[in-house]
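Here are my notes for your review. Please read them with the structure open.

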Amino acid sequence: MHAGFPDFRLGNVLATSFTGTLSERHGNAVERIPTPHRLIDWLAVNGLAVDSCTTAQLDLARELRESIHAVATAAAIQDALPASAVQVINDRSAQGRAAAILTPEGKRRWRLSSASCVEDALSVIAADAISIVAGERDGKLALCASPTCRAAFFDTSQSRTRKWCDMNTCGNRQKKARFNANKRKNPSSAE
């Protein structure tokens, strides 16, 4: 990994983890894939290793990321899916060459060939987005309760009532803010 860049927020769902490469969308936005090489790093961490990435391919990746975010947000609030974002997702899904493989543990993984490029990896991410928006997986799309984040995430908790995209960032930040506000209201109870 390259020093000097913000850490990746990694989750269990590829598509929503990918949208998390731009965080704090309603605050001070944090771009986690600012360079083509950083996209290569993110793809490698997520089992989609490619050898190279151009600036144009990074632009395609960001367009897909924002399209997935728009569609996931609309789905989470049960709104109409934006047609232009759906088109981007469908186009990226159709343009790649990746194979689904079954692991010895009974899990599906994606295999890219040694000649695979960024577009092949993006097709896997787009296909993952399609599967969660289409309701093919057990869980539901939700939006982070943090007013500065509002990231779309896929809630697979048993009760489907998760509030935060990531408990270690948004959840802890909100709990800390609530604790500090209560401490200011009741200074004697903090002793």
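1. Which hand does the crossing of α4 and α5 have? The crossing is left-handed. Keep in mind throughout that this is a predicted model.

2. The geometry of this helix pair is as follows. Helix α4 spans residues 83–94 and helix α5 spans residues 118–133. Their axes come within 7 Å and cross at roughly 130°.

3. Now the residues at the crossing. From α4, the contact uses Ile89, Asn90, Arg92 and Ser93. From α5, Leu122, Ser123, Ala126, Ala127 and Ile130 take part. By class, 5 residues of this contact are nonpolar, 3 are polar and 1 is charged.

4. Next, the backbone. Most residues other than glycine have a negative phi. Arg150 has a positive phi, about 55°. Arg150 sits in the loop that links β5 (140–143) to β6 (152–155). Its relative accessible area is 32%. This value lies between the 20% and 50% cut-offs, so Arg150 counts as partly exposed.

5. Arg160 also deserves a look. Its phi is positive too, near 60°, and it is not a glycine. Arg160 lies in the loop between β6 and α6 (167–185). With a relative accessible area of 21%, Arg160 is partly exposed; buried would require a value under 20%.

Notes. Residues numbered from 1 in each chain as written. Predicted model: local features only at pLDDT ≥ 70, side-chain atom pairs only at ≥ 80, totals over all residues. Heavy atoms only, no water. Helix = DSSP H or I, 4+ residues; strand = E, 2+ residues; numbered from the N terminus. Buried < 20%, exposed > 50% of the residue type's maximum accessible area, 1.4 Å probe, protein only. Axes fitted to C-alpha atoms, helices over the stretch in contact; angles between N-to-C directions. Left-handed = near helix turned anticlockwise from the far one by under 90°. Contact = heavy atoms within 4.5 Å. Nonpolar A, V, L, I, M, F, W, Y, C, P; charged D, E, K, R; others polar.
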